[in-house]
Amino acid sequence: MDRSATSPSALTGVVRGNGDAVFATIVRCAAALILLGLGGMVAVMAWGARGAFATFGPAFIVDKAWNPVTQHFGAAAPVFGTLVTALLAVALAVPLAFGIAVWLTEIASARIAGVIGTLIQLLAAVPSIIFGMWGFAVLVPFMAHYVEPFAGHTLGRVPGIGPLFRGAPYGTGFLTGGMILAVMITPFISAVMRDVFLSMPAVLKESAYGLGMTRWEVVRRIILPWSRTSVVGGIMLGLGRALGETMAITFVIGNANHIGWSLFSPGNTIASLIALEFPESAMGSLKFSSLMAAGFLLMLISLGTLVCSRLLLRTRAAGR
Amino acid sequence: MAGRENTTAVATAAPCASGRWQGNSLSDMRRRMVDRVATGLCWLATVLVLLMLFSILFVLVRNGLGGLRWVTFVHVTLPPGQGGGLANAIVGSLIQTGLAVLIGAPVGLLVGIYLAEFTATDGRFINLVRFVSDLLLSAPSILVGLFIYMIVVVPTGHFSGMAGALALSMLVVPVVVRTTEDMLRLVPLSMREAAIALGAPRWRVILFVCLRAARDGVATGILLALARVSGETAPLLFTSLGNMNWSVSPAAPMASLPVTIYQYAGAAYEDWTALAWTGALLITAGILMINITVRLGLGRNRK
């Protein structure tokens, strides 16, 4: 960096021009580095995946097999697991996050909301591997001993949705994975929701209260319509996080390449498949390439989600 | 939700927002009932998530506190049953996160400056960079590990602490970019104008006036980035790999707390799982401490 120009700069007009040009170049290079980082990630994944796509073609995405012995690989099971756990997580997290955001902005006093809001944000700072260990030590036994047998005997007998809740109560599986992810992404979604709710012009709410609306009616008919775009953006942001999460899910998903109706059955996600199998795959082998291809798919899925989320959040920010 | 019955009991602090003047028609009672139930569910959601946080902290302390002995900090990881510690993992984590911040924070700072200060000249490109930086902020961290594996570990031919630090630095950058840009935007225009009127060139205005005014916020961002990457496991699995022996060389495979926790947590040996919990307690305590300090500091500045 051009820090040598410590002399009073007013005297050195030429140096001033140079300094600005040099500085502008440096920061532009740094900015280009960011683009290079993401572009490089996509390109390197695609390059590493070329072997798998050349061998299996587009059928790789819908092929259920993952068999190192016969050298036959397909990404359907981990893609299925990734989507199911992430969508379950969002389905569980959205009501929680919404409730928290409403509680923080409309129900609690500002002082208490500050403290509780901070505590909830601390949950977002806990590393994902800790969630994994907690899930394995607390949630898995709880699910195996109480929730899953109970749900199997009751919900499992309901026609229509029954198959979702049948199966051996291992404790690990799609539902447990989705629950862990839900706890992890709830703070993110509720933070986005809270910020939007707070940014709403108070006069809109005040006039609604003035007309005699109850608090819930204000939330339902004034706040929610006003903030819908950003709320959906926040949910997509949470979904994006859930899709790419590795360590938490690796502990509780059960790691079986499996597609099925039961939410209790062990499964796999792309991220946990890579975490577990990548160390055992030789560079240049078909398995290596298939793992890269799965990573490439994960990249596309999560970037697609995040792009939607950012576009939704930006529309609101621009319109404000 | 299963809690629908017991929520009305919780909803005590919910004075009805609608006035009494409406009378007591049936629809009013229904509306008030719905409001009560909704309020109760909001309480329930908040309490439930707080319970999760406390449950995690409780389990960490219960399982990890026993291992907080002197030996844990001075012994390196050993085969099961030989009373090993976590010294190499702790030092490895410190080195790698330190290097990651040293590499990532300057880049993040520069990009943040670019996003905040150069909007007048290259607005389009800036929007793209901000967008991509936000994408990187939530990109799957395991893919960052794969990326560094392909561009650093494969060409150099071996795993290394430096590769781990590089992977982590890719996660540091977007966090620092975000906070730096936000903080620079808070610097009042009059300060810039005053400095420019005194004849300072733009780069000096930015570095020595704006950045200095935004110093606290920027430091906060760097600390938060440090806290975020110190718990990251996935990017380190294929980059620094882990190391059972004492090693402080960034050119060699290096142990780290998260990876050691990951390896030990699934082990069948009791002393290893105990160490994993202790490591988990250490790392969580450190991260939460940084977060709490930062938030308290921010709160004070705002007042």
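Modeller: Let us take residues 79–309 of chain A, a span that is 76% helix and 0% strand and whose end C-alpha atoms are 20 Å apart; helices (H or I, at least four residues) and strands (E, at least two) are DSSP runs, numbered from the N terminus. This is a predicted model, in which local features need pLDDT of at least 70 and side-chain atom pairs count only at pLDDT 80 or more, while totals for chains, interfaces and linings use all residues. Residues are numbered from 1 along each chain as its sequence is written, and chains are lettered from A and ligands numbered from 1 in the order in which they are written.

For these residues, 79–309 of chain A, UniProt lists "domain: ABC transmembrane type-1" in an unreviewed entry; its positions are given in the numbering used here, feature names are shortened, and annotations may be inferred rather than shown by experiment.

Within the span, helix 4 (residues 110–125) of chain A packs against helix 6 (residues 174–199) of chain A at an angle of about 140 degrees, with their axes 8 Å apart. Axes here are lines fitted to C-alpha atoms, for helices over the stretch in contact, and angles run from 0 to 180 degrees between N-to-C directions. Angles under 35 degrees count as roughly parallel, over 145 as roughly antiparallel, 65 to 115 as roughly perpendicular and the rest as oblique, and helix 4 of chain A and helix 6 of chain A are therefore oblique to each other.

Where they meet, helix 4 of chain A brings Gly117(A), Ile120(A), Gln121(A), Leu123(A) and Ala124(A), and helix 6 of chain A brings Pro187(A), Phe188(A), Ser190(A), Ala191(A) and Arg194(A); two residues are in contact if their C-beta atoms, placed from the backbone, lie within 7 Å. This contact of helix 4 with helix 6 of chain A has six nonpolar, three polar and one charged residues, where Ala, Val, Leu, Ile, Met, Phe, Trp, Tyr, Cys and Pro count as nonpolar, Asp, Glu, Lys and Arg as charged, and the others, Gly among them, as polar.

Turning to the partner chain, 70 residues of chain A are in contact with 75 residues of chain B. Helix 4 and helix 6 of chain A are among the elements that give two or more residues to the side of chain A that touches chain B, although helix 1 of chain A gives the most, with 19 residues. By class, that side of chain A has 48 nonpolar, 15 polar and seven charged residues.
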